[in-house]
Amino acid sequence: QSCMRDLSNQAQELLKQYGELTIQVFKEQTGLTRKFLIPIFEYFDRTRLTIRKGDKRIARKAAD
């Protein structure tokens, strides 16, 4: 759970910096492969951190 918290924190920082999150940017930041990032992004959507807009994720708060 600590790992997911760390990844969520990284995602929040990138969302603040760029306004959106893509698999490619998060892959470069974390070193994780696409195989792991897809389920992580889906987790971010389920936990209402992000919302999917095409191939990108934006902060859920920005979308509300």
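## Model and confidence

The model is predicted: local features need pLDDT of at least 70, side-chain atom pairs count only at pLDDT 80 or more, and totals for chains, interfaces and linings use all residues. Residues are numbered from 1 along each chain as its sequence is written, and side-chain values use heavy atoms, with hydrogens and water left out.

The predictor's confidence in each residue is given as pLDDT, from 0 to 100. For the protein the mean pLDDT is 93, and 95% of residues reach 70 or more. Confidence is highest in helix H3, at a mean of 97, and lowest in helix H4 (residues 60-63), at 72. Where pLDDT is low, the predicted coordinates should not be read in detail. Helices (H or I, at least four residues) and strands (E, at least two) are DSSP runs, numbered from the N terminus.

## Packing of H1 and H3

Two packed helices are described by the angle between their axes and the distance between the axes. The axes here are lines fitted to C-alpha atoms, for helices over the stretch in contact, and angles run from 0 to 180 degrees between N-to-C directions. Helix H1 (residues 2-18) and H3 have axes that come within 11 Å and cross at roughly 80°. The two helices are therefore roughly perpendicular (65 to 115 degrees; under 35 is roughly parallel, over 145 roughly antiparallel and the rest oblique).

Contact means heavy atoms within 4.5 Å. On the H1 side, Met 4, Leu 7, Ser 8 and Ala 11 meet Ile 40, Tyr 43 and Phe 44 of H3. These residues divide into 6 nonpolar, 1 polar and no charged. Ala, Val, Leu, Ile, Met, Phe, Trp, Tyr, Cys and Pro count as nonpolar, Asp, Glu, Lys and Arg as charged, and the others, Gly among them, as polar.

## Aromatic residues

Rings of Phe, Tyr and Trp (its six-membered ring) pair if their centres lie within 6.5 Å; planes under 30 degrees apart count as stacked, over 60 as edge-to-face and the rest as tilted. By this rule there are 4 aromatic pairs. One of them joins Phe 41 and Phe 44, which are tilted, with 6.1 Å centre to centre and 35° between the planes.

Phe 41 and Phe 44 both lie in H3, 3 residues apart, about one turn of the helix. Both are buried (under 20% relative accessible area; exposed is over 50%, partly exposed in between, with a 1.4 Å probe and protein chains only). Together with Phe 26 and Tyr 43, they form one aromatic cluster.

## Leu 32

Leu 32 sits in the loop between helix H2 (23-30) and helix H3 (34-46). Its relative accessibility is 26%, so Leu 32 counts as partly exposed. Leaving aside residues up to four places away in sequence, Leu 32 touches Leu 7, Lys 27, Leu 37 and Ile 40.

Arg 60 belongs to helix H4 and is buried, with a relative accessible area of 15%. Arg 48 lies in the loop between H3 and strand E2 (50-53) and is exposed, at 52%. The phi of Arg 48 is near 65°, a positive value in a residue other than glycine.

Asp 55 occupies the loop between E2 and strand E3 (56-59). With 65% relative accessibility, Asp 55 counts as exposed. Asp 55 touches Leu 21 and Thr 22, not counting residues up to four places away in sequence.
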